[in-house]
Amino acid sequence: MNRNKLSKRLLALSAAMTMALCQSAFAGETVELNLQDAMTRAFNTNPAISIAGYEVKSAKATLDAARSSHLFSINAQHVTQRGGYDDDRYATTIVKNGGNIDLVTVNTGKQIGNSHTNAITASLPIYTGGKLRGATRQAKANYKATLEGKQLAYNTMRSTVTNGYCTMLQADNLQKLGRESVERLADHLKNVEAQYEVGVVAKVDVLRSQVELANAKQSLIQAENAYQISEANLNRIVGLPMDTTLKLDNILDYVPYENDMAYCLDYAAKNRPELEQARQGVEAAKGALMVARSGHMPQVAATASQAWSDSNWPGDENGNWGVGVSVNFNVFDSGVTLSKIHGAQADLAKAEETYRDTVDAVNLDVRSNYLGLREAEKRIHTTQTTVEQAEEDYRIAKLRYMNGVGTNTDVLDAQVALTDAKTNYLQALYDYKTCMTDLETAIGVPMQFPTAVTVEPKLAEAEKAVNEKAEEE
């Protein structure tokens, strides 16, 4: 392939990749989204999930380092230097002069020269007074806490996505209900105006109907605006451009929840991530206290060394070795170790109180969401019957008005009652669904990371097309 063809191929590939990567940013794109797809997109794009994963990796590395500190370590050192004395040095030597012995002083100069030293030292901790064991205990507890934090991030993301999904569905239902209300009032206004034209009703009925229609249109505008905001919010959650048009599956339905309060409280006590995090916080504080107390204990280690020194590079002559045991004991440090112990004891007491407070907070959270779920469940049953009654009442009021035996006020009141009944029913469904999601999060139902999907499948297709075109050329 010549250079010209290669340049064309690279240019075409670059353009195709740019178009594929930017396709989701085009205004007006429509995406069909079910709850599982929303979960997958959010989990693959939201930084909270990535942050939780990095925290686990960091804590695992710290734990590995703490465990490795129990093993032996080897240190290699090389020192090269040049130096001597500031003043001349003198040495006294014995000189035999016949049968006599004389002492002669010789000027050896400043003895300037090079020295090269190499040393390898191995050490193994034998006893640290609980310092290493406490550090490992603390690191292990922190690692377990980050695992629970990762699970908490999963559970929270599930709740965020589900609630955002349901909020958009609820906003869509409310704007549809607003359109129904406008259509009913518009039809009623036509009937009132027709009767007014033939002199059956008074002008006040027309004016009142016009006012009610105008109010309904205003409510519809607000509902449509709320829908657009909820759509933009869901786009943000799942990582899509804000102006993406979403088509969702309706999941606002009633599915009975069979578990009772006692089951929820017991399940939360065993599975709520925050509780395990608080428990591990106590464990970490106990490990830190062990480390602090080790300052009053001797530090014993076994050592072995091999060294070489010479005035010539690389300094591998005059070898010497040694093995032994080193003991380091803090006799007096002006109260530094004691202050560290007092601080660690306070941290432990704080961690224990935090755990106790977390238990109470979890119990309250579970109870609140469970009671909210049951309240919404009751409202579903009552409002469902009310909607049927309100529809019948509106039909009768409309017929009575058309036959001249009812008033305009009766029709308008029945219309308002019907709209309110349907609104209450939709609100009850929405509250039930969100309370169920919040209850699952409150009791700690584990959320698994959804299977990743290719969000931009057209990129591979574009690259394939460019390769085929290049082959043809």
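Tyrosine 267, with a relative accessible area of 21%, is partly exposed. That value, like everything in this tour, comes from a predicted model. Why does tyrosine 267 not count as buried? Buried residues have under 20% relative accessible area, and tyrosine 267 is at 21%.

Tyrosine 263 belongs to the partly exposed group too, because its relative accessible area is 38%. Tyrosine 263 and tyrosine 267 are four residues apart in helix 6, which means that about one helical turn separates them. An α-helix has 3.6 residues a turn, so residues three or four places apart point the same way.

## Aromatic pairs

How many aromatic pairs does a search of the whole structure find? There are five. In one of them, tyrosine 254 and tyrosine 432 sit 5.1 Å centre to centre, tilted with 55° between their planes. This pair ties together parts that are 178 residues apart in sequence, because tyrosine 254 lies in the loop between strand 6 (245–248) and helix 6, while tyrosine 432 lies in helix 9. Tyrosine 254 is partly exposed at 28% relative accessibility, whereas tyrosine 432 is buried at 1%.

Tyrosine 263 and tyrosine 267 also form a tilted aromatic pair, with 5.9 Å from centre to centre and 35° between the planes. Elsewhere, Phe43, Tyr154 and Phe449 come together in one aromatic cluster.

Helix 7 takes in residues 273–293, 21 residues in total.

## The largest pocket

The largest pocket has a volume of about 280 Å³. It is lined by 16 residues, of which Gly178, Ser181, Ala216, Ser219 and Thr419 are the closest to the centre. Helix 4, helix 5 (203–238) and helix 9 (408–443) each give two or more residues to this lining.

Which element gives the most to the lining? Helix 5 does, with six residues. By type, the lining residues of the largest pocket are seven nonpolar, seven polar and two charged.

Most residues other than glycine have a negative phi, and most peptide bonds are trans. The peptide bond from tryptophan 313 to proline 314 is cis, with omega near 5°. You can find proline 314 in the loop between strand 7 (299–310) and strand 8 (320–328).

Asparagine 318 lies in the loop between strand 7 and strand 8. Although not a glycine, asparagine 318 has a positive phi of about 55°. Is asparagine 318 buried or exposed? It counts as exposed, because its relative accessibility is 52% and the cut-off is over 50%.

Glutamine 111 is another non-glycine residue with a positive phi, near 55°. Its place is the loop between strand 4 (100–109) and strand 5 (113–127). With a relative accessible area of 44%, glutamine 111 is partly exposed.

Key:
Residues are numbered from 1 along each chain as its sequence is written. This is a predicted model: local features need pLDDT of at least 70, side-chain atom pairs count only at pLDDT 80 or more; totals for chains, interfaces and linings use all residues. Side-chain values use heavy atoms; hydrogens and water are left out. The expected span of a helix is 1.5 Å times one less than its number of residues. On a 1 Å grid over the protein atoms alone, a cavity is a set of points where a 1.4 Å probe fits but cannot get out, and a pocket is an open set with protein on both sides within 12 Å along at least five of seven lines; lining residues have an atom within 4 Å of a point. Grid points are joined across faces, edges and corners, and a volume is the space filled by probe spheres set on the points. Ala, Val, Leu, Ile, Met, Phe, Trp, Tyr, Cys and Pro count as nonpolar, Asp, Glu, Lys and Arg as charged, and the others, Gly among them, as polar. Rings of Phe, Tyr and Trp (its six-membered ring) pair if their centres lie within 6.5 Å; planes under 30 degrees apart count as stacked, over 60 as edge-to-face and the rest as tilted. Buried means under 20% relative accessible area, exposed over 50%, partly exposed in between (1.4 Å probe, protein chains only).
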